[in-house]
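Biologist: Please walk me through some local features of this model. Give me the general idea, then the case at hand.

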Amino acid sequence: MSNQINSDVFFILIALIIAALLGFLIGWLMRTVKLNALKKSLDACYKSNEDLKLKFEEEMEQKDFDSQIEVLKKAPIPTPKSETKIDEGIKVASTYNAKPTPAPSLTKPQFNKAEAKDILGKTIKENDLKIVEGIGPKIAEILNNDGITTWEQLGNAPISRLKNILSDAGERFAFHKPDTWPKQSKLAAEYNWNELKKLQDYLDGGKEPSK
């Protein structure tokens, strides 16, 4: 009889331990899911705030441009100068329909905010690292603090360095995978918006989609 009681008590204890472990695991999983959902919500808020700031800056630039146009319209038209003469009344002859052949441009193309917005569907700011899928405001700040402040710098950064930066920033960022960040950033640095859009449509949250 005593052995039976001891056996029952043992099984009850085992059942309680298993139930406690299950409860702990379920609680940990629910906490992880809530934290991930909260992170996504915060990132979305940051991005929305950035878009609003950029839109405001764009509107202010347009107002400044319009005001400059109005000033130019009101400016007096300069009086043409008299034709230059050589010696005694001989006019300087101009080359008939001569148009200088433009020299090949060696400078980098200018950043075109309107073109980028038309292709990517959102307003962006030059060298804003958040254009890279997988990078939110906090990660962009971490990269900036480590000396990566432009698309070109991120495009040339070794993946091993990016992983070390994220790992040093703490557990919250260590799980991110920066494998595609340099490639995306190189396309942005080249203003190759069409290829960047194709690549980001293919990626899943900035990562290669699982097969």
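Biologist: Which backbone nitrogen does a side-chain oxygen of Asn112 reach at the start of helix 2?

Modeller: A polar contact is a pair of N or O atoms within 3.5 Å; within protein, one must be able to donate a hydrogen and the other to accept it, and residues adjacent in sequence count only if both atoms are side-chain atoms. Here the Asn112 oxygen comes to within 3.1 Å of the backbone nitrogen of Ala114. Helices are DSSP runs (H or I, at least four residues), numbered from the N terminus. This is a predicted model: local features need pLDDT of at least 70, side-chain atom pairs count only at pLDDT 80 or more, and totals for chains, interfaces and linings use all residues. Side-chain values use heavy atoms, without hydrogens and water, and residues are numbered from 1 along each chain as its sequence is written.

Biologist: Which residues of helix 2 are buried?

Modeller: Buried means under 20% relative accessible area, exposed over 50%, partly exposed in between (1.4 Å probe, protein chains only). In helix 2, residues 113–120, the buried ones are Lys113, Ala116 and Leu120. They lie on the same side of the helix because they cover an arc of only 65° around the axis, taken from the directions from the helix axis to the C-beta atoms. Exposed Ala114 and Asp118 sit on the face turned away from that buried side.

Biologist: What follows helix 2?

Modeller: Gly121, with a positive phi near 80°.

Biologist: Is Ser185 buried or exposed?

Modeller: Ser185 is buried, at 0% relative accessible area. Its side chain reaches the backbone oxygen of Trp151 at 2.7 Å.

How values were computed. Helices (H or I, at least four residues) and strands (E, at least two) are DSSP runs, numbered from the N terminus.
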